[in-house]
Amino acid sequence: MDQEKIKRGVELLLEGIGEDIDREGLKDTPDRIARMYEEIFEGYDKKPSEVLSRVFSFPNHEMVMEKDITFYSMCEHHMMPFYGKAHIAYIPGDKVVGISKLARTVEIFARRLQIQERMTGQIADALMEELSSEGVMVVLEAEHLCMTMRGVKKPGSRTVTIATRGSFEESEQLRNRFFQMLEIR
Ligand code: ZN
């Protein structure tokens, strides 16, 4: 990541909105944002294969679900946060992965400029391909600040996206099972 370019860009933004970039509160802002971007956009440097390569053989082909995975991402249209929960289920082929790796996969795709629809599909594709799963289903629900803080201003409204692959695509029964398991508290 080019920290200098980010700093120059933030300075221009501040000047553009009519701010005094030398006043005390803003003096270090370009630098702070550049350092923050290292973290919130670190997903560009990571591949899902890095976290999903550690697998265990397991003969059980039952659905595994991890729900309520909190994520924070940035919308690529406005560079404003969208954040919420990811719910993931997969049906293993012959390989299962440590549960924490599902959350780390979400993180890799969240920490980029994104649109929610694409992120949902990327998570599903990664779990399908890297684990040779029989099926994957991903649901993301998120609040987009670009929608709730400006424009239509509907605080608390959530966008829900869904991606199905493999057996989840074919079987309505499996999709229903996903939603049943999601209900269990
Ligand atoms: Zn947006």
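This is a predicted model: local features need pLDDT of at least 70, side-chain atom pairs count only at pLDDT 80 or more; totals for chains, interfaces and linings use all residues.
Residues are numbered from 1 along each chain as its sequence is written, and side-chain values use heavy atoms, with hydrogens and water left out.

Helix H4 covers residues 100-110 and helix H5 residues 116-131; their axes come within 10 Å and cross at roughly 135 degrees. Helices here are DSSP runs (H or I, at least four residues), as are strands (E, at least two), numbered from the N terminus. The axes are lines fitted to C-alpha atoms, for helices over the stretch in contact, with angles from 0 to 180 degrees between N-to-C directions. H4 and H5 are therefore oblique to each other, the class left over once angles under 35 degrees (roughly parallel), over 145 (roughly antiparallel) and 65 to 115 (roughly perpendicular) are taken out.

Who does the touching? On the H4 side, Leu102, Thr105, Val106, Phe109 and Ala110 meet Met119, Gln122, Ile123, Ala126 and Leu127 of H5, contact meaning heavy atoms within 4.5 Å. The buried residues of H4 include Leu102, Ile108 and Phe109, where buried is under 20% relative accessible area, exposed over 50% and partly exposed in between (1.4 Å probe, protein chains only). H4's buried residues pack against H5, helix H3 (48-52) and strands S2, S3, S4 (95-97) and S5 (113-114).

Now for the metal. The zinc ion has Cys75 (SG), His78 (ND1) and Cys146 (SG) as protein donors, lying 2.2 Å from it. Donors are N, O and S atoms within 2.8 Å of the metal (3.2 Å for Na, K and Ca), and since water is not among the atoms, sites may look incomplete. Histidine 78 sits in the loop between strand S2 (64-75) and strand S3 (81-91) and cysteine 146 in helix H6 (residues 145-148), so the pair ties together parts 68 residues apart in sequence. Histidine 78 is partly exposed at 39% relative accessibility, while cysteine 146 is buried at 7%.

Most residues other than glycine have a negative phi. Aspartate 68, not a glycine, has a positive phi of about 60 degrees; aspartate 68 is in strand S2. Methionine 79, also not a glycine, has a positive phi of about 50 degrees and lies in the loop between S2 and S3.
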